[in-house]
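Subject: Handing over the model

Hi,

Here is the structure I promised to pass on. Have a look at it first, and then read my notes below.

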Amino acid sequence: MNQISEMAFVHPEAKLGDGNVIGPFCYIDKNTVLGDNNVLMNSVTIHYGARIGNGNEFFPGSSISTKPQDLKFKGEETTCQVGDNNSIREFVTISRGTASKGTTIVGSNNLLMENVHIAHDCVFGSHLIIGNSTKIAGEVKCDDFAIISGEVLSHQFCRIGSYVMIQGGTRFSLDIPPYCMAGKEPVVFAGINIVGLRRHGFTNEQIDTIRDAYKIIYNDGVIKETVGMARAKYPDSKEVAYICDFIEQSERGIIRPR
């Protein structure tokens with residue numbers, strides 16, 4: 001049974017699961033789907049096109065599936081998908097998609113701290129931590145287990161790899177490859193995220209392999225050629241394969257060491 005405050009508005013066409021708690025001054029629009037056991041504190045807005053899973057916690061002022069901040073958007077039918085067990089803190093905004101991709105996706109088990117913005121058509125994975133006041137532009141992709149610190153600014157169309165640590169206040173317009181730390185001004189590759197990898201159970205052998213692969217890749221020479229050298233040296237490493245695939249698929253180019 002859902003607990004809905006008398007001071008909340010839920011559109012008759014909204015689809016709600018079971019066990020949801022909807023606080024005062026919340027607004028849930030039509031063409032929305034809310035799963036089970038979600039908690040919406042006061043003043044949460046769930047806009048048209050939202051598709052929300054189970055067990056999420058939305059703090060006051062958060063606004064999900066907002067109209068895209070894109071002048072090309074003409075009111076097309078799009079969605080914003082949010083998975084399970086996310087903590088969406090105060091004044092977080094997540095826009096719905098545009099005709100470009102059709103949907104914005106945020107996975108599961110993420111912490112989005114206060115005042116984070118995720119723009120239209122982004123695809124964000126799971127087990128992410130995104131710090132206060134970070135702003136993500138349209139069509140950015142972020143793989144699982146990344147940590148994006150506070151007040152980070154991302155250019156549109158960038159990609160962020162898994163197990164990345166991005167320093168607070170960083171601005172970037174290039175892709176950030178997996179397992180690394182990124183920071184400084186202008187942004188640079190600042191080494192391997194060793195602490196994060198160890199916390200997630202990577203062995204010393206895996207970490208040494210990742211470190212050596214980046215030494216090869218960032219050695220003097222053409223990146224396309226050095227990526228091939230890393231593949232050849234570690235043909236059985238899934239971590240190296242992921243790094244190399246990421247770089248080869250990069251459309252904006254990757255950050256480099258200083």
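Some ground rules before the rest. This is a predicted model, where local features need pLDDT of at least 70, side-chain atom pairs count only at pLDDT 80 or more, and totals for chains, interfaces and linings use all residues. Residues are numbered from 1 along each chain as its sequence is written, and side-chain values use heavy atoms, with hydrogens and water left out.

**Strands**

The labels come from DSSP runs: helices are H or I with at least four residues, strands are E with at least two, and the numbering starts at the N terminus. Two strands count as paired if DSSP finds at least two bridges between them.

Back to that opening pair: strand E8 (residues 45-46) and strand E11 (residues 63-66) run parallel, joined by two bridges. E11 also runs parallel to strand E14 (residues 93-95), this time with three bridges, and there Ile-64 sits opposite Ile-94.

There is also an open sheet of eight strands, with parallel pairing, in the order E3-E6-E9-E12-E15-E18-E21-E24. Its edges are strand E3 (15-16) and strand E24 (159-160); each has a single partner strand, so one side of each has no neighbour in the sheet. Within this sheet, strand E15 (residues 103-106) pairs with strand E18 (residues 123-124) in the parallel sense over two bridges, and Ile-105 has Val-123 in E18 as its bridge partner.

**Helices**

Contact means heavy atoms within 4.5 Å.

On the H2 side the contact includes Ile-210, Ala-213 and Ile-217, and on the H4 side Val-240, Ile-243 and Ile-247 are among the residues. By class, this contact has seven nonpolar, two polar and one charged residues (Ala, Val, Leu, Ile, Met, Phe, Trp, Tyr, Cys and Pro count as nonpolar, Asp, Glu, Lys and Arg as charged, and the others, Gly among them, as polar).

Asp-212, Ala-213, Ile-216 and Ile-217 of H2 meet H3 residues including Ile-223, Val-227 and Lys-233.

**Two loop details**

Glu-185 and Pro-186 are joined by a cis peptide bond, with omega about 0°; Pro-186 is in the loop between strand E27 (180-183) and strand E28 (188-192). Phe-25 is not a glycine, yet has a positive phi of about 65°, and it lies in the loop between strand E4 (21-22) and strand E5 (27-28). For background, most residues other than glycine have a negative phi, and most peptide bonds are trans.

Happy reading!
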